[in-house]
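My plan is to look things up one at a time and jot down what turns up.

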Amino acid sequence: MNKIRKQYFPFMRAGIQSVIAYRMNFIGFVIGGLVYCFVMYYLWNAVFLSSGSDTFMGFSMTDMVVYLFLSNATGEITFSSVSTDIGEEIRDGSISMRLIKPVNTDMSYFATEIGGSIIRFVVFALPVTIGIEIYRYCMLGRIMFEPVNFLLYLLSALLAYIISFRVNLCFGFVAFYVKNLWGIGILKNSIVNFLSGSLIPLAFMPEWMKTILEYMPFSSMNYTPVMIYMGKYGTTELFVRLAVQAVWALLVYGLSKLIWFGAVKKLCVQGG
Amino acid sequence: MIYAENLRKEFTKNIKEPGLKGSFKSLFKPKKEIVVAADDISFHVPQGEILGFIGPNGAGKSTVIKMLTGILTPTSGSCRINGKIPQNDRKNYVREIGVVFGQRTQLWWDLPLLETYTVLKEIYEVEDSKFKKRMQFLNDILELQDFINSPVRTLSLGQRMRADIAASMLHSPKVLFLDEPTIGLDVVVKDNIRRAIMKINKEEKTTVILTTHDISDIELLCDRIVMIDKGKNVYDGSLRELKKNFGQMRELSFEVDPISGLDVRKFRENIDLSDEDVIIKNDQNIFTVRFNSEAMPVGDMLNYTLSAAKIKDISVKDADIEEIIRRLYKEGAGGNE
């Protein structure tokens, strides 16, 4: 364990350092996320106003605000660019430099990325959470923060990150075959955004669709941790949801390993 | 130490017909072609040898190196290095090798150089005391101290290459793969790098495989050369042997007295050699004749030139390996077609 820590820690540190090195990029990322949240806020505000009732499919407007911001913050910490990174490294051949090091290729990506996630958690998700709690206090006049839910949220978000990373890794391996990922990357992102509930809460969908989507890996990548934080799950359901996440984490882990062993034989480094 | 047996690597390539129409066509119905980058390459390198791996651009040198380092999986054939098959146990295998690809870097782009080394130290599990000694040693021969605290992205090419060479040697590898380690460098840096390679080879019996386009790299470093062209092995043997077989080219340079002049065309007409065997250059006062000494002995050429012009100075150059390789390439290419 200590050996693993020592070997992969440098990758994590490098991940943190490169996020910080490109500061403007990072600031743009954060501001863009916030702008998106406010746009969605006004959109849903209009929906609530025109619906004429205080709640909409079990969500009050306060719930909706919490959902929008938290879903976005969760998206930031579970964000994984490994598919574009690996795609880029395959396209320009620099994956060679990764392959000549005595480390697990997937673990080295994982360590680099989680460095970035930690930064995004501290700089973005944490302030957003505090902001949410202040908002809820102003709206409802009492403190709504549940430490247990927050801890479960962190656990669930970690599982969500692992799934997101592995799914993206699998997707990145497609670059071994097609060599340029950009087009299908956009396709993938819009599908995932819809199916994971980060565009529209899954609770708003027809019952049959919601049930299906809740058992698909996409809801595990964003929706589950947010709902846990909001306390929308009873105890039994909470454990079911976490179990679903764990099972998906294992499945996509296995799948990514399987694809890797097949893909690495197909690798064709272009140029140089 | 290193065994390569019948290595073959095929790539599939999409072919696009020219123009917009061709682009659309290849979007819907891509035409594929199999390109053979390496074909039936076999050689053996004993421990402690420096092997020069040469060939023209696109000959397949890098592809072979990538198979030997475990990056690519051969389509057929196999290689065994240090008793290990790179493709079977990559993680353990790469512990024992050092690799430099001249056109890429393994240094952490955004970190100070020294940090890269401490990262590599952890990855390769080098002990503290060993690491210190090693850094001292690399510092001495590669002179890294001036830029060791600068971020890698600010280094010049010469500095970066020295840093990359040092990175490949840090964990005392048994085998070094150097793919064009001197590309684009000035003489001083080249010399630095050559000394590092020589020293590590002598002191640690490190086996080295080196690809290069720089002839002096080969002359100074390599015990043996393997030459490939169009993916095929065309020569395997010592440099001396190669020179004996293909290197009967000599170069004579004369400084001519300008007043006496020299009619180049007339000079050429009076030599009974084919265009293959003689090249004449006349640059102001310096008059250079490169010729096949088997077809015309050096003495004869000297006498003839001395009689044709008033000569102030003479210099004789040994067989130029660039010329040898050019001739060998020509023959190799001819043999394939």
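**Entry 1: the core.** Before anything else, I note that this is a predicted model. I started with the largest nonpolar core, which has 121 residues. Which members touch the most others? I found A:Ile163, B:Leu51, B:Phe177 and B:Leu210. I then looked up where the largest share of this core comes from, and it is helix 7 of chain A (residues 147-173), with 13 residues.

**Entry 2: around B:Leu51.** I picked B:Leu51 and skipped its neighbours within four places in sequence. What is B:Leu51 in contact with beyond those? The list I got is B:Val45, B:Val208, B:Ile209, B:Leu210, B:Cys222, B:Arg224 and B:Val226.

**Entry 3: strand 7 of chain B.** I went on to strand 7 of chain B, residues 207-211. Five of its five residues are buried. A reminder to myself: in a regular strand the side chains alternate between the two faces of the sheet. So which residues sit on which side of strand 7 of chain B? I have B:Thr207, B:Ile209 and B:Thr211 on one side, B:Val208 and B:Leu210 on the other, and both faces are covered.

Next I checked its pairing. Strand 3 of chain B (residues 50-54) runs parallel to strand 7 of chain B, with four bridges, and B:Ile50 has B:Val208 as its bridge partner. Strand 6 of chain B (residues 175-179) is also parallel to strand 7 of chain B, this time with five bridges. I followed the chain from strand 6 of chain B: it passes through helix 7 of chain B (residues 187-204) to reach strand 7 of chain B, a right-handed β-α-β crossover.

One pair I wrote down is B:Ser253 with B:Thr288.

**Entry 4: where the chains meet.** How many residues are in contact between the chains? I read 24 from chain B and 20 from chain A. On the chain B side, helix 2 (61-68), helix 3 (90-93), strand 5 (97-101) and helix 4 (113-123) each supply at least two residues. Helix 4 of chain B gives the most, three residues. By class, that side has eleven nonpolar, six polar and seven charged residues.

Entry 5: B:Asp40, in strand 2 of chain B (residues 31-45), has a positive phi of about 55° without being a glycine. Why does B:Asp40 count as partly exposed? Because it has 14 C-beta neighbours inside 10 Å. B:Lys230, also not a glycine, has a positive phi of about 50°. I located B:Lys230 in the loop between strand 8 (224-229) and strand 9 (232-238) of chain B. B:Lys230 has 19 other C-beta atoms within 10 Å, so it is partly exposed.

Terms used. Residues numbered from 1 in each chain as written. Chains lettered and ligands numbered in written order. Predicted model: local features only at pLDDT ≥ 70, side-chain atom pairs only at ≥ 80, totals over all residues. Core = buried A, V, L, I, M, F, W, Y, C linked by C-beta atoms within 7 Å. Buried ≥ 20, exposed ≤ 12 C-beta atoms within 10 Å, placed from the backbone. Contact = placed C-beta atoms within 7 Å. Pairing = 2+ DSSP bridges. Right-handed = clockwise from strand over helix to strand, strands pointing away. Nonpolar A, V, L, I, M, F, W, Y, C, P; charged D, E, K, R; others polar.
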